[in-house]
Structures are given as C-alpha cells and as structure tokens.
Amino acid sequence: MATDFSKNAVERPEPYKADVKGSIPSWLQGTLLRNGPGIFSLGDTTYNHWFDGMAIMYSFAFKAGEMTHRSRFLRGDTYKANMAANRIVVSEMGTMAFPDPSNNLIAKAITFLNHTVPDFTDNGASNFIKYGNDYYATSETNYICKIDPVTLETQEKVDYMKYLPVNLASSHPHYDKEGNAYNFGTSVAEKGKTKYILFKVPEVSEKAKGKNVPALKNVEPFKLDILKMATAYMRGVNWASCLKFCPEENTLIHLIDRKTGKEVETKYYTGAMVVYHHVNAFEDDSHVIFDVIAYNDNSLYDMFYLSKLRENIGFCDESYSKPSYRRFALPIHSDKGIVVGEDLVKLKYTSASAVKEKEGKIMCQAEMLCEGFELPRINYDFNSKMHRFVYGNCVEESPLAKQIGKFDTETKEMLYWNEDNCWPSELVFIPRPNGGSEDDGVVLTSVMNSNPGQSGFILILDGRTFKEVARAYVNTELHKDMHGFFIPQGN
C-alpha cells in the first residue's frame, strides 16, 4: 500500500494513553523520545528534500505496563519565521528559500547576503542530544534547541559558536560511562582554514548540580568546497549540491587518545567511503576495533528528495547503493621490525587487515560483516566494549526499511521482524535491569502503519528472540522519523 512520506504531520501535545496489545514488561520505565521531519509544505512553498521538513518530536512514556504518547512541533526560530510568513523563508540543506516575489529590492539583497555567509537553520529534526542535565533537539548545524523532555516544549535556542568555533556539528554524539558526551564539528574557514574539531562536554559535577549553568560552558575542544557554499544561493542551487565525493581519494582515519586529547602519530588510511552511522568501537589486544555502516558513494542523500519518494523511485531503484557493515582493526602496537607489506592485525576473529606501507602509513581494509543494514543500535552498556549483537533496519532494496533485524556478529546470522504495510523506524535497545546477557532486554521501534483503519504503534520486541512482546497503538498517524533517545525513569 502506498505511503505518502511528504504528508504534513499533526501534533498532539496532550498525553494520550495508548491501547496496549500484549504485555509491556513492568521493569520498562522511562521515556522514548523520537524526532524527524513533520511539515513539508507551507502556503505555496514546498521543501525539496525529506530531511528538510520542519521537526516534529514524539514522546512515548512507559510506566507500570502502560504507555502514553504525545507529539509537538519544534518551535525554533525557523518554525516561527516560516509560520509567520506562511511560506518557507529559511533555507535548509536541500532547499533554498528564495525571496517572496512581492518583496522589494532591499529585502532581496538582505536575503542574498544572508546566504553568502550562511546563518544556518535551527530546525533540529535529526536527533536528541544530552549535554549535562539538558536535552536538545538537533540537526547538524551550529544551532540546537533545548527542550522539555516531558512536555516537548521548546525552551531555548543555543548556538555552539558561543562556546567553540563550529559552523556544523554532528547529531550523533557518544557518551562514556561517566556521562561525558563526545562530538565533533566542522569549522568553516576559521582563520582561513577549514578543520574538524572534536570536543567533549563534561557531565555536570556534584558542585555544579542545582545551578542553572549549561554543560556546554565547560566544553573541551580537543571536505567542504567553501567557495561553492558561499555562491550557492547566487547560482540557484542548494548547499547539499556543494558536497563533493572523491572516489579516487583515500579516507584518513584519525585516532585520538581520550586522556591526552592528542592524535596518535600513526597515519591510518582506507579506501573512499561515505559513513553516516557508527556502530561501536573498543580496544582489544593492542588494537582499536571500530564498526561502521559505510557506502561506496554519496547517492543515499539523493534518494530522499521528495520528488523521488513520491514516484517511489526509492523502491528497488537500480541507482541505490546499499550500505555494508564494515569492521576495521587499527593496530596501536609498535610497528618496529615490521617490513613494508606486512599485515599488522594479529586478531583471530576478524579478517580486517592493516598493511604497513612506506613512510609509516598503514592501509586498512575492512571485514564486511553483512550488507543492506542501517541505523545500527547496540546495548549501550557495551559502548566501547566488545559487543556481539546489533539491531538495525534492513535496507537491501531501498533506504526505506520495511523490515528490521537483529544481527549476530559472531555467527553472522540475522533474525527478522516485518509486517505488511508497516514501516518500522530506527530501533532502540533497552537492557533489563541486572540482565544476565548482552541481549537481555527489549527493543523499541515506532511503526508507521498504512493498513486501513489502524493507527501507528510502538512495537516492543524481546531482545533475545526478536519476537513480539507487545505493541501500543497511539490512535493517530506516526510519521517516518530519524533518531531517538531513551531516558530511564528518574534520570
């Protein structure tokens, strides 16, 4: 059954008790936040790309075997400006907002200048980030919006550049067991140079608890074609078109010591690839192992232009380059005495290689664990530790998943769940308190449901068997979203 991915969402800010089928585990206590594009057309204007839609946030709160749902649009400056004008007036990555034809020349000139040195959107439709005790809706610009994780009300717009020089920042931070957040951003033409900045946002100290001080205040800072970006508006193209993929160039892998904040001297390389999502990384026997979902080209972004989604070109499209789950092994032991051409990887459980080349360079080749797998999530208690199981979306034929899976990195076996006319989102694994194994817990996913007379629902699967435990119907449509964050009760 056809699904319209460009249909505008309707928010429901008041909590609604879901209709539960099956039995939600009593130990599952907390709130799943999810985020994604929700408004695609306004007045006589329409976004070009699905990623550009104005953000809608969803909350699914679990308590005592029940679930309540609510949703609310992110009311940042982008939302307010667009709504006030009843048209799209703030540009996004895939959609340039050109002046209203009725505007005078001065207004048009101001719009042009704003796009030459771009002041990016605060439309945080990609994910949620936790910095200290605060939660933020984020995309990948320098703006994030602080939100109330209970009511989903938008509270405050925050500019990264107030704390460190980044024009763009990832929406996929990682957290260590102490609660510190690690992220990276891009500094565009700072002092004439473009560079990456890795930064750490420390957990709130005992001394600072109770004080209204943003955790970003204590931040620790550890290839875009700039000319094309500056002239994109004048040339009538979007910023996404300025991104350039160079298949003939190698990928440089940076390895940074968390304790010192310094990069290791060894230079690691691999072939050209595009990576949107990391799985995990851990150390083992003088090696750093890291798993990523990688593509051979940058065609994925183009698959989400709304014109393609409406034509269903994204389904079984010959131009679709499916991703692969790749494992890299970086040797961190000394290579003294190792001759050029020798493989430095000594681990028995992976076929990944790291061959010494001239001038001390190490050329790395990944082990391909599986293909057609995206949006990977693990039991986050195993973050930075050796993991076995990964939960994700099966995207063999299309980036729009109709099937989800549990992948075993040891046996290479996959367990599946699917249902007719249902579109599951990214999975989130919640470990059972004091669980006995890595996969002892449940997996949550929000599901778009296009079956007649049925609403969207939250699906709860057993983390071990990948069988359905329960589902909670929300009596409204759920739209395709991007990413989510689970907040345990009391956190």
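1. Which element gives the most to the lining of the largest cavity? That is β31, with three residues. Strands here (E, at least two residues) are DSSP runs numbered from the N terminus.

2. A word on the ground rules before going on. This is a predicted model, in which local features need pLDDT of at least 70 and side-chain atom pairs count only at pLDDT 80 or more, while totals for chains, interfaces and linings use all residues. Numbering runs from 1 along each chain as its sequence is written, and side-chain values use heavy atoms, with hydrogens and water left out.

3. Back to the largest cavity, which holds about 100 Å³ of space. A cavity is a set of points, on a 1 Å grid over the protein atoms alone, where a 1.4 Å probe fits but cannot get out, and lining residues have an atom within 4 Å of a point. Grid points are joined across faces, edges and corners, and the volume is the space filled by probe spheres set on the points. The lining has 15 residues, with W423, S425, M448, K480 and D481 nearest the centre. Two or more lining residues come from each of β6, β29 (422–424) and β31 (441–449). By type, the lining splits into ten nonpolar, three polar and two charged residues. In this scheme Ala, Val, Leu, Ile, Met, Phe, Trp, Tyr, Cys and Pro are nonpolar, Asp, Glu, Lys and Arg are charged, and the others, Gly among them, are polar.

4. Please look at the second largest cavity too, with its volume of about 40 Å³. D4, F5, F40, W50, M448, H479 and K480 line this one, and they divide into four nonpolar, one polar and two charged.

5. A64, between β6 (54–63) and β7 (66–73), is not a glycine, yet its phi is positive, about 55°. A64 counts as exposed because its relative accessibility is 60%; exposed means over 50%, buried under 20% and partly exposed in between (1.4 Å probe, protein chains only). S384, in the loop between β25 (373–377) and β26 (389–394), also has a positive phi, near 70°. At 46% relative accessibility, S384 is partly exposed.

6. Finally, I338 sits in the loop between β21 (324–331) and β22 (353–356). I338 counts as buried because its relative accessibility is 19%. Leaving aside residues up to four places away in sequence, I338 touches L344 and K356, where contact means heavy atoms within 4.5 Å. I338 and K356 are 18 residues apart along the chain, with 7.6 Å between their C-alpha atoms.

Terms used. Helix = DSSP H or I, 4+ residues; strand = E, 2+ residues; numbered from the N terminus. 1 Å grid on protein atoms, 1.4 Å probe; cavity = no way out; pocket = protein on both sides within 12 Å on 5 of 7 lines; lining within 4 Å.
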